[in-house]
Amino acid sequence: MNSTPSNSTVRDQEKQAAARAAVELVKSGDVVGLGSGSTAEFAIRFLAERVREGLKIVGIPTSLQTQHLAEQLAIPLTTLDEHPAIDIDIDGADEIDPQLNLIKGGGGAFLREKIIASVSRRFIVIGDSAKQVHRLGKFPLPVEVIPFAQALVKTKIERLGAQVKLRQYAYGNPYVTDEGHHILDCTFGEIADPAVLAQKLCNIPGVVEHGLFIGMAKVALLGKDGSVVQIRR
């Protein structure tokens, strides 16, 4: 009997295809932003293969988890202090719209991810085909906040029309980011104007960063139907 691959298996295959295509864009001598999350992990592992084959690069990780993985795989690492300009940044996304605006942050690392993307000459987004959406907003938008202002910020975001939930560990404690902050997951539904919402969130005191990446990605590589689709802005 022939078995049909599960949705998760297909998604993983698509992620791997996109990740491998992105890693092929890395050149010797590049400073590389190392993204976080399941799709970025594939890219890091493929990049490590190229490093073992002789590719000379240095990476800047976007999370402690990514740093630990890169160290295990013997990818040379550096810091933003030493390399404030990055040649290529490869990272995943939770949603990608036709203008390559993104929602990122399902894994909680979007603050460092946005910092790295902001100083990258090429920000390459990778993902499976399910990440492509007509309009952002089905995936909850994460907002990183300082704990001191958490209740205040929650109320103000609710007034913008969102259902807001504090991200927690399975055992009930608040999720804590690498920078020691909390995350509010905000469900807006379809976001009519991501840029306007991004500015409104930035204007709330106590908000450290949000997961809307507006106009930052230059290229998206998406695995789909056994190949990789390239979307450019």
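These legends go with a set of close-up views of a predicted model. Local features are described only where pLDDT is at least 70 and side-chain atom pairs only at pLDDT 80 or more, while totals for chains, interfaces and linings use all residues. Numbering starts from 1 along each chain as its sequence is written, and side-chain values use heavy atoms, with hydrogens and water left out.

View 1. A pocket here is an open set of points on a 1 Å grid over the protein atoms alone, where a 1.4 Å probe fits, with protein on both sides within 12 Å along at least five of seven lines. The lining has 28 residues, and S36, G37, S38, G107 and E113 lie nearest the centre; a lining residue has an atom within 4 Å of a point. The largest share, 5 residues, is from α2. Helices are DSSP runs of H or I with at least four residues, strands are E runs of at least two, and both are numbered from the N terminus.

View 2. E113 sits in helix α4 (residues 110-118) and is buried, at 4% relative accessible area. Buried means under 20%, exposed over 50%, and partly exposed in between, using a 1.4 Å probe and protein chains only. Its side chain makes a polar contact with the side chain of K104 at 3.2 Å. That term means a pair of N or O atoms within 3.5 Å; within protein, one must be able to donate a hydrogen and the other to accept it, and residues adjacent in sequence count only if both atoms are side-chain atoms. Leaving aside neighbours within four places in sequence, E113 is in contact (heavy atoms within 4.5 Å) with S36, T62, D89, D91, K104 and F213.

**View 3. The buried side of helix α5.** In α5 (residues 150-158), Q150, V153 and I157 are buried. They are on the same side of α5 because they cover an arc of only 65° around the axis, taken from the directions from the helix axis to the C-beta atoms. The buried residues of α5 pack against several elements, including β9 (182-187) and α6 (194-202).

View 4. The model has 0 disulfides, a disulfide being a pair of cysteine sulfur atoms within 2.5 Å. The sulfur of C186 is 13 Å from that of C202, its closest cysteine sulfur, so the pair is too far apart for a bond. C186 is buried at 0% relative accessible area, whereas C202 is partly exposed at 45%.

**View 5. Two loop residues with positive phi.** Most residues other than glycine have a negative phi. L100, with phi near 65°, lies in the loop between β4 (95-96) and β5 (102-103). D225, with phi near 50°, lies in the loop between β12 (219-224) and β13 (227-232). L100 is buried at 0% relative accessible area, but D225 is exposed at 72%.

**View 6. V228 in strand β13.** V228 belongs to β13 and is partly exposed, at 33% relative accessible area. Not counting residues up to four places away in sequence, V228 touches A17, A18, A21, L221, L222 and G223.
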